[in-house]
Amino acid sequence: MSRNTDAIAAALRDHLPGGAAIRAVVPLTTGFSNETYRIEGPDWILRLPPSAGAMVEGHDVIAQARVYAALGEVEHGPPVPGIVAICEDESVIGAPFFVMECMAGEPVAEIQLQDWFTGPDDAFRTQLGRKWIAAFASLAKLAPLVTLGDPVSPEDDARMWQGFARKSGCADVVAAFDRLLAHPAPLSGPPAIIHGDVKLSNFMWDDGSLSAVLDWEMALNGDPLADLAYALLWVESPHHVAATPHRQPGMLDRAAIIEVWEATSGRSSAGVGWHEVAQMGKTNAIIAEGVAMFTSGRSDDPKLAVFQKNLDYYLGAMHAMLDAEGL
Ligand SMILES: Nc1ncnc2c1ncn2[C@@H]1O[C@H](COP(=O)(O)OP(=O)(O)O)[C@@H](O)[C@H]1O
Ligand SMILES: [Mg+2]
């Protein structure tokens, strides 16, 4: 189901201060996550809930705007887009929405890597990789963010994702979480802000500089080892392959990532193995829901057809990681 962008543009022209400058509303990304549109004229970005229904429930669009707004007030906080407007009134454009500044640059693509990323020498990608890790490691020095609510223990977070996998009917992921949850989670110190989805494609780069940290839909207050662990899922380990951007020469390996994270956060990475399994479980729970959406006919998106193969691979990796950690 696609939305009428002309009608949205007309409504925003009337509703937003400075809206008269709006020329058009153009789709950027649509799918299972919140939809993203570019507002041409004032150069803003519009975000709306998915018109097809969300894959991961509970990550509402307004909550994300509040996180951006709160982070914008934090001293030494990450670079985030400024919020232009938040509208909970569904009558304006047919759904709650928010509008933010359009940030300069773009994220590194997940598969079709851009020339600006592959072209320069290895040192370019090394400094980019160091800035990527430092950007979320520095969150470990910040106090929890009030808008994200009470801190969540790593075990409670794992139980939440285990429940998500149970709802999707994936008993294998549920059982792998049981193995993990038989052992207490190591902590690195007091709770801090966790981004929750620190894959490289959620970071925007402008001429090699970090211009924005996006996509705080899974953010929470908790132990920062969670973000380190999630980042490590994308690089090569004895248990899984590296994602495409991380295979480029100059990109940081596991040891280098841990070194930058420890130096920036001031915390020890000891016990990160437990968290890597937990983050792999979270990833598997999301993939399992994609499989369930496809096999139940709730979605016929061809992208979901490969999810079963991915689930088999990453479940195998999860068990190998549990074995290696003695869990
Ligand atoms: N404020 C912004 N300025 C420029 N581009 C943005 C902005 N917010 C989102 N985008 C673009 O939209 C894409 C998706 O945004 P993101 O917050 O990562 O959400 P999701 O991955 O859940 O769809 C980003 O990769 C980026 O290209
Ligand atoms: Mg994203």
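Author: Start with burial. A residue is buried if 20 or more other C-beta atoms lie within 10 Å of its own, exposed if 12 or fewer, and partly exposed in between, with C-beta atoms placed from the backbone. Helices (H or I, at least four residues) and strands (E, at least two) are DSSP runs, numbered from the N terminus. This is a predicted model, where local features need pLDDT of at least 70, side-chain atom pairs count only at pLDDT 80 or more, and totals for chains, interfaces and linings use all residues. Residues are numbered from 1 along each chain as its sequence is written, while chains are lettered from A and ligands numbered from 1 in the order in which they are written.

Reader: Which residues are buried in helix α1?

Author: In α1, residues 5-15, the buried ones are I8, A9, A11 and L12.

Reader: What puts them on the same side of α1?

Author: Their arc, taken from the directions from the helix axis to the C-beta atoms. The arc is only 165 degrees around the axis, so they sit on the same side of α1. An α-helix has 3.6 residues a turn, so residues three or four places apart point the same way. The face turned away from the buried side carries exposed D6, A7 and D14.

Reader: What do the buried residues of α1 pack against?

Author: They pack against β1 (24-29) and β2 (35-40). Contact requires C-beta atoms, placed from the backbone, within 7 Å.

Reader: Why is α9 called roughly antiparallel to α10?

Author: Look at the angle between axes. Axes are lines fitted to C-alpha atoms, for helices over the stretch in contact, and angles run from 0 to 180 degrees between N-to-C directions. Helix α9 (residues 272-295) and helix α10 (residues 307-324) have axes that come within 9 Å and cross at roughly 155 degrees. Under 35 degrees counts as roughly parallel, over 145 as roughly antiparallel, 65 to 115 as roughly perpendicular and the rest as oblique. Therefore α9 is roughly antiparallel to α10. Among the contact residues are M280 and I287 of α9 and L311 and Y314 of α10.

Reader: And what makes α4 oblique to α8?

Author: The axes of α4 (residues 122-137) and α8 (residues 254-265) come within 9 Å and cross at roughly 40 degrees. That makes α4 oblique to α8. Contact residues include R130 and I133 of α4 and W261 of α8.

Reader: How do you know that K309 is exposed?

Author: K309 lies in helix α10. K309 has 11 C-beta neighbours inside 10 Å, so K309 counts as exposed.

Notes
Two residues are in contact if their C-beta atoms, placed from the backbone, lie within 7 Å.
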